[in-house]
Number of protein chains: 2
Amino acid sequence: MLNHESAAADRVFHALAEANRRAIIQRLTRGPATVSELARLLGVTVAATVQHLQVLQTSELVRSEKAGRVRTCQIDPSGLRRAEGWLRLQRTTWEHRLDRLGDVLGESATDHTTTTTPPDDPSKEPRS
Amino acid sequence: MLNHESAAADRVFHALAEANRRAIIQRLTRGPATVSELARLLGVTVAATVQHLQVLQTSELVRSEKAGRVRTCQIDPSGLRRAEGWLRLQRTTWEHRLDRLGDVLGESATDHTTTTTPPDDPSKEPRS
């Protein structure tokens with residue numbers, strides 16, 4: 001992973017590691033909200049909400065824009081995609097390795113059997 | 001989200017918010033490794049590696065077992081699934097909302113048009 005990508009992953013996972021910030025994201029998946037609405041939802045001050053929003057914006061999980069005195073926030077999909085993509089890659093790499101391991105063990109079991117059963121018999125695959 | 005689930009999500013995202021810990025996970029998706037092998041990979045001390053592993057084990061991203069004096073580590077899929085599952089839920093909730101919004105805007109555009117074009121004409125869907 002390149003350095004800037006690694007730093008971006010640090011930021012997005014750090015942003016997600018806090019219940020109030022995750023609650024903001026969960027709320028915004030259902031539509032935009034103002035800072036005041038988010039503060040009421042969390043039961044914290046507007047100042048505390050703004051701090052959480054800054055962390056979420058730096059990690060590209062939320063974007064916001066101001067119209068007059070009202071700042072409205074919405075989901076920025078970039079951060080969600082970055083975090084989910086990294087996790088999916090790890091899980092699929094791990095699952096593919098288990099599949100290959102199962103294949104190897106299956107072949108090995110077949111090699112050591114007097115083959116009255118066909119080699120692709122699923123019951124011969126110790127894929128626990 | 002229930003409190004214990006929220007605490008588990010805190011832990012797993014916190015564990016992922018550090019490049020060395022992500023490097024350990026990336027390595028273990030390709031197969032088990034000993035603590036010494038992981039320390040060499042990271043270029044840090046065994047003690048530092050053990051600390052990272054403790055964070056990863058607490059968040060159910062890694063499990064390990066000791067045979068004699070050698071501790072071997074492998075992926076624990078629970079943590080990866082928890083983090084990926086939370087992110088997928090947020091992304092799909094957000095995408096479904098966008099889809100519904102697109103449908104509503106599409107219907108609205110159809111209502112206000114003298115319909116010489118069929119209502120499902122994609123060019124009428126302001127799905128930017």
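Two residues are in contact when they have heavy atoms within 4.5 Å of each other. Keep that in mind for Phe13(B): leaving aside its neighbours within four places in sequence, Phe13(B) is in contact with Phe13(A), Leu16(A), Ala17(A), Arg22(A), Ala83(B), Trp86(B) and Leu87(B).

A quick word on what you're looking at. This is a predicted model, where local features need pLDDT of at least 70 and side-chain atom pairs count only at pLDDT 80 or more, while totals for chains, interfaces and linings use all residues. Residues are numbered from 1 along each chain as its sequence is written, chains are lettered from A in the order in which they are written, and side-chain values use heavy atoms, with hydrogens and water left out.

Now for chain A. Its pattern along the sequence reads α-α-β-α-α-β-β-α, which comes to 5 helices and 3 strands. (Helices are DSSP runs of H or I with at least four residues, strands are runs of E with at least two, and both are numbered from the N terminus.) Of the 128 residues of chain A, 38% count as buried, meaning under 20% relative accessible area with a 1.4 Å probe, protein chains only.

Next, the place where the chains meet. Here 32 residues of chain A are in contact with 32 residues of chain B. The area buried between chain A and chain B (the accessible area, 1.4 Å probe, that the two lose on being put together, summed over both) is about 2,900 Å², and carbon and sulfur atoms give 64% of that. In chain A, the residues that lose the most area to chain B are Arg22(A), Glu84(A) and Trp94(A), together 22% of what that side buries.

The rule finds 4 salt bridges across this interface; each is a side-chain nitrogen of Lys or Arg within 4 Å of a carboxyl oxygen of Asp or Glu. One of them links Arg22(B) with Asp10(A).

Two atom pairs with their distances:

| Atom pair | Distance |
|---|---|
| Arg22(B) and Asp10(A), closest N and O atoms | 2.8 Å |
| Glu18(A) side-chain oxygen and Asn20(A) backbone nitrogen | 2.9 Å |

Finally, back to Phe13(B). In the largest nonpolar core, which has 47 residues, Phe13(A), Leu16(A), Phe13(B) and Leu16(B) touch the most other members. Such a core is a set of buried Ala, Val, Leu, Ile, Met, Phe, Trp, Tyr and Cys residues joined through side-chain atoms within 4.5 Å.

Terms used:
Buried means under 20% relative accessible area, exposed over 50%, partly exposed in between (1.4 Å probe, protein chains only). A polar contact is a pair of N or O atoms within 3.5 Å; within protein, one must be able to donate a hydrogen and the other to accept it, and residues adjacent in sequence count only if both atoms are side-chain atoms.
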